[in-house]
Amino acid sequence: MIQTRSTVVSNEQLAPDCWRLTLESSRIGAEAKPGQFINIKVSETNDPLFRRPFSVFRRVDLDKGGVGVQVVYRVVGRGTRLMTNLRQGNELDIIGPLGRGFEWRRDKRVHVLLAGGVGAAALFMLGQEISRAAQERGLELHVLLGAETGEKLVLQKEFAGLGGIVQVSTDDGTAGYKGLVTGMLREAISTGRIRTDCAIYSCGPEPMYRALAATCRQYNIPAQICIERHMMCGIGACFACICKVDKATTLKRADIESSHIQFIPEEDYGHALVCRDGPVFAIGEVILD
Ligand SMILES: Cc1cc2nc3c(=O)[nH]c(=O)nc-3n(C[C@H](O)[C@H](O)[C@H](O)COP(=O)(O)OP(=O)(O)OC[C@H]3O[C@@H](n4cnc5c(N)ncnc54)[C@H](O)[C@@H]3O)c2cc1C
């Protein structure tokens, strides 16, 4: 984990409520793995007090040399509104890369990235890894991107560049499949366009994971999901970002001994720290209340 001051290289608006911030940081750029995040202090003052967490979208080579990291953020509140004022040359204090990210399943040939809204950002580096291995191993990559409207669809071009099959859905039908992205997934599976012998990696809102969990149970498909919680420190010190986890499933984790997961005596569940034990979990681990 690195704490560093990082210079803003650019901050571009991608959609009405969505921006892409590029930060100079060769060290974080070199270390970041798919699904990991950085915790950004969004202003020079202590207001807002807490850092804001964002998935690393990708690392980029900078024109002037060195490496940058990009995050894609949706404007939802005070911190993200302040971030829209950032300009080239501003400096930010950032910590990262943090958390446990995605691990693509080497035993599977078909891989599916399933994103709701800006959740797509968390999946891009994973897509890059799978795409790099695709030719040698004969892998198939499906990317399913969902948004409320066509205007809010982001990163379509970037995912198309990975060489997989990209499909989009919008709730109002203004682009692609009309309906939820999980509905599009179900249809692709039930019609055989996506084989059930696949692995799914997903990032989006929690209701989306509930629909995904039902599909995974029905077809016995393994999935990894990226969980969002209000987060403060991002490094396992403040215990603000707990999530409820299933005991039987979580006990099978290879890293259970070194994890921060605590089980409730006599109960079949426990609590994990999203910032350290996640944000990526196997779908069966998380109790989606
Ligand atoms: C590991 C991780 C990775 C993330 N990656 C991204 C990303 O790549 N792009 C992106 O746009 N956002 C991402 N988020 C969410 C992002 O951190 C929040 O949207 C941001 O902190 C909101 O700050 P704010 O001050 O603008 O909003 P606030 O004023 O703090 O909150 C505004 C609204 O957003 C809700 N909210 C705030 N933070 C969260 C959260 N963590 N989870 C759920 N709801 C929240 C609040 O309840 C409130 O309704 C990620 C969160 C986590 C935990």
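The legends below describe close-up views of a predicted model.

**View 1. The three domains of the protein chain and the contact between domain 1 and domain 3**. The protein chain is divided into domain 1 (2–98), domain 2 (110–225) and domain 3 (227–289). Between the C-alpha centres of domain 1 and domain 3 the distance is 26 Å. Contact between these two domains involves eight residues of domain 1 and seven residues of domain 3. On the side of domain 1 that touches domain 3, strand S3 (37–41) and strand S7 (91–98) are the elements that give two or more residues. The residues of that side comprise five nonpolar, two polar and one charged.

**View 2. The surroundings of the ligand**. The ligand is surrounded by 22 residues, of which Arg52, Ser55, Gly77, Gly79 and Thr80 are the closest. Two or more residues of this shell come from each of strand S4 (52–55), strand S6 (67–74), helix H2 (78–83) and helix H3 (120–137). By class, the shell holds 12 nonpolar, five polar and five charged residues.

**View 3. The largest nonpolar core**. This core has 78 residues, and the members that touch the most others are Ile38, Leu144, Leu145 and Ile200. Helix H3 supplies the largest share of the core, eight residues. One of the residues named above, leucine 144, is in contact with Val112, Leu113, Leu114, Ala115, Gln167, Val181, Met184 and Leu185, when its neighbours within four places in sequence are left aside.

**View 4. Helix H5 and the elements packed against it**. Helix H5 spans residues 181–190, and its residues Val181, Thr182, Met184 and Leu185 are buried. These buried residues line one face of the helix, because they fall within an arc of 155° when seen down the axis of H5. They pack against strand S8 (110–116), strand S9 (140–147), strand S10 (165–170), strand S11 (177–178) and helix H6 (206–219). Among the buried residues of H5, Val181, Met184 and Leu185 are also in contact with leucine 144. Just after H5, glycine 192 adopts a positive phi of about 85°.

View 5. Proline 97 belongs to strand S7, one of the elements on the side of domain 1 that touches domain 3. Proline 279 is placed in the loop between helix H8 (274–277) and strand S17 (280–282).

**View 6. Positive phi at leucine 155 and glutamate 266**. Leucine 155 is not a glycine, although its phi is positive, at about 70°. This leucine is found in the loop between S9 and helix H4 (156–160). A residue is buried if 20 or more other C-beta atoms lie within 10 Å of its own; leucine 155 has 25 C-beta neighbours inside 10 Å and therefore counts as buried. Glutamate 266, likewise a residue other than glycine, has a positive phi near 70°. The loop that holds glutamate 266 lies between strand S15 (262–263) and strand S16 (269–273). A residue with 12 or fewer such neighbours is exposed; glutamate 266 is therefore exposed, with 5 other C-beta atoms within 10 Å.

Definitions and conventions: Residues numbered from 1 in each chain as written. Predicted model: local features only at pLDDT ≥ 70, side-chain atom pairs only at ≥ 80, totals over all residues. Helix = DSSP H or I, 4+ residues; strand = E, 2+ residues; numbered from the N terminus. Arc of directions from axis to C-beta. Near = placed C-beta within 6 Å. Nonpolar A, V, L, I, M, F, W, Y, C, P; charged D, E, K, R; others polar. Core = buried A, V, L, I, M, F, W, Y, C linked by C-beta atoms within 7 Å. Domains from an automatic or database assignment.
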